Amino acid sequence: MRLINRSKQSPLGRQACDAALAKHVELYGEYGRQQTKITYTVVVQGSKITVEVVNRKCSYVATAMNCARRLRNLPSQAV
């Protein structure tokens, strides 16, 4: 299982994604149900950052939602 952090630019976003991924693995184990989105709110250095974690086939992908995202960067929607 790969843990992918999509917040490379912001140090706060990177820390928030790392914390959310650790909690997600603790809750769902190595292989959770695919194409599911879970939203976490993490407090890092006094600021709240919302992190979205998407379950993929072989990975968990975390994205910090601290700024506007382009439409092509949005995760795939669960059907």
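Predicted model: local features only at pLDDT ≥ 70, side-chain atom pairs only at ≥ 80, totals over all residues.
Residues are numbered from 1 along each chain as its sequence is written, and side-chain values use heavy atoms, with hydrogens and water left out. Here, helices (H or I, at least four residues) and strands (E, at least two) are DSSP runs, numbered from the N terminus. Two strands are said to pair if DSSP finds at least two bridges between them.

The link between β3 and β4 is a hairpin through three residues. One of the bridges here is between N55 and its partner in β4, Y60. On to the other partner of β3: β2 and β3 (residues 47–55) also pair in the antiparallel sense, this time over eight bridges. Among the bridge partners, V42 goes with I49 of β3, and V44 goes with S47 of β3. β2 and β3 form a hairpin too, with two residues between them.

Put together, the strands make an open sheet of four, in the order β1-β4-β3-β2, with mixed pairing. At its edges sit β1 (2–5) and β2 (37–44), each of which pairs on one side only. From one strand to the next, the twist averages 25 degrees. As background, strands of a sheet pair through backbone hydrogen bonds, either parallel or antiparallel.

Next comes the helix. The protein chain holds one helix and four strands, and read from the N terminus the elements go β-α-β-β-β. Helix α1 (residues 11–28) lies across β1, β2, β3 and β4 (59–64), running at about 130 degrees to β2. For such angles, axes are lines fitted to C-alpha atoms (for helices, over the stretch in contact), and the angle runs from 0 to 180 degrees between N-to-C directions.

How many salt bridges does a search of the whole structure find? The search turns up one, where a salt bridge is a side-chain nitrogen of Lys or Arg within 4 Å of a carboxyl oxygen of Asp or Glu. The side chains that meet are those of K23 and E26, at 3.6 Å from N to O. These two are three residues apart in helix α1, which means about one helical turn separates them. K23 is partly exposed, with a relative accessible area of 36%, whereas E26 is exposed, at 60%. Those labels work like this: buried is under 20% relative accessible area, exposed is over 50%, and partly exposed is in between (1.4 Å probe, protein chains only).

Back in the loop between β2 and β3 sits Q45. Q45 has a positive phi of about 50 degrees although it is not a glycine. Most residues other than glycine have a negative phi. With 66% relative accessibility, Q45 counts as exposed.

Finally, some totals for the chain. Of its 79 residues, 34% are buried. The chain exposes about 5,300 Å², of which carbon and sulfur atoms supply 51%; accessible areas come from the Shrake-Rupley method with a 1.4 Å probe, and for residues only the protein chains shown count as cover. Among contacts (heavy atoms within 4.5 Å) between residues at least 6 apart in sequence, 45% join residues at least 24 apart.
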